[in-house]
Amino acid sequence: MFAFAPDPNQPKAELYADLVGAAKALIHGESDGVANMANIAALIWQFLPRLNWSGFYRTVGADELVLGPFIGKPACIRIPFGQGVCGTAAASAATQLVPDVHAFPGHIACDADSRSELVVPVLREGRVIAVIDLDSPEPARFDAEDAAGIEALAAAIADAI
């Protein structure tokens with residue numbers, strides 16, 4: 001059994017280092033990628049406050065994301081590369097830090113309560129295999145430290161999902 005207890009008052013850099021360490025502990029020795037994504041989505045939810053969605057979209061084929069394990073309201077199932085924040089992250093293989101989703105051209109509104117979003121591609125051998133998607137009901141909830149922390153998480157789990 002795992003009992004992770006993040007400290008909400010610690011600096012973000014420490015929080016994300018603890019998140020990555022906890023994720024590595026959860027996935028150690030487990031080869032099922034879906035199980036690992038499910039646990040990591042739950043772990044993100046536990047560690048990061050003020051989210052209304054935390055989860056994964058998986059790359060299927062050459063140009064489409066399909067919903068993976070998540071926590072939050074029901075979500076869009078398929079997103080073509082290049083569409084919305086997730087599809088843009090997948091097509092560009094670059095993190096998307098969006099302080100106001102309503103100002104993002106082509107934003108796909110799965111949850112009308114979402115105001116800001118952070119999407120980080122998960123790369124294996126230079127190829128996007130998934131994206132980590134975080135939504136918040138707060139405008140500008142995410143910053144560069146959040147992006148760097150989730151990028152570190154994506155790198156740490158890439159071989160296990």
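User: How long is the polar contact that joins the side chains of Ser114 and Asn52?

Analyst: This is a predicted model, in which local features need pLDDT of at least 70 and side-chain atom pairs count only at pLDDT 80 or more, while totals for chains, interfaces and linings use all residues. Residues are numbered from 1 along each chain as its sequence is written, and side-chain values use heavy atoms, leaving out hydrogens and water. A polar contact is a pair of N or O atoms within 3.5 Å; within protein, one must be able to donate a hydrogen and the other to accept it, and residues adjacent in sequence count only if both atoms are side-chain atoms. The contact between the side chains of Ser114 and Asn52 comes out at 3.2 Å.

User: Is Ser114 buried or exposed?

Analyst: Ser114 sits in the loop between strand 4 (96-98) and strand 5 (116-124); helices (H or I, at least four residues) and strands (E, at least two) are DSSP runs, numbered from the N terminus. Buried means under 20% relative accessible area, exposed over 50%, and partly exposed in between (1.4 Å probe, protein chains only). Because its relative accessibility is 3%, Ser114 is buried.

User: Let's turn to the rings. What kind of aromatic pair do Trp53 and Tyr57 make?

Analyst: Rings of Phe, Tyr and Trp (its six-membered ring) pair if their centres lie within 6.5 Å; planes under 30 degrees apart count as stacked, over 60 as edge-to-face and the rest as tilted. The structure holds two aromatic pairs. In the one made by Trp53 and Tyr57, the ring centres are 5.9 Å apart and the planes are at 20°, so the pair is stacked.

User: Which residue forms the other stacked pair with Trp53?

Analyst: Look for a pair with 5.0 Å from centre to centre and 15° between the planes. Trp53 lies in strand 1 (residues 53-60) and its partner in strand 2 (residues 64-72), so the pair ties together parts that are 17 residues apart in sequence. Ring pairs link this partner, Trp53 and Tyr57 into a cluster, and the partner is Phe70.

User: How much space lies in the largest pocket?

Analyst: On a 1 Å grid over the protein atoms alone, a pocket is an open set of points with protein on both sides within 12 Å along at least five of seven lines (a cavity is a set where a 1.4 Å probe fits but cannot get out), and lining residues have an atom within 4 Å of a point. Grid points are joined across faces, edges and corners, and a volume is the space filled by probe spheres set on the points. For the largest pocket, that gives about 210 Å³.

User: Which element gives the most residues to the lining of the largest pocket?

Analyst: The lining has 14 residues, with Pro8, Leu15, Pro49, Arg50 and Arg141 nearest the centre of the pocket. The elements giving two or more residues are helix 1 (12-27) and helix 2 (33-47). With three residues, the top contributor is helix 1.

User: How many residues of that lining are charged?

Analyst: Ala, Val, Leu, Ile, Met, Phe, Trp, Tyr, Cys and Pro count as nonpolar, Asp, Glu, Lys and Arg as charged, and the others, Gly among them, as polar. Seven lining residues are nonpolar and two are polar, while the charged ones number five.

User: What is the phi of Arg50?

Analyst: Arg50 is in the loop between helix 2 and strand 1, and is partly exposed at 43% relative accessibility. Most residues other than glycine have a negative phi. Arg50 is not a glycine, yet its phi is positive, near 65°.
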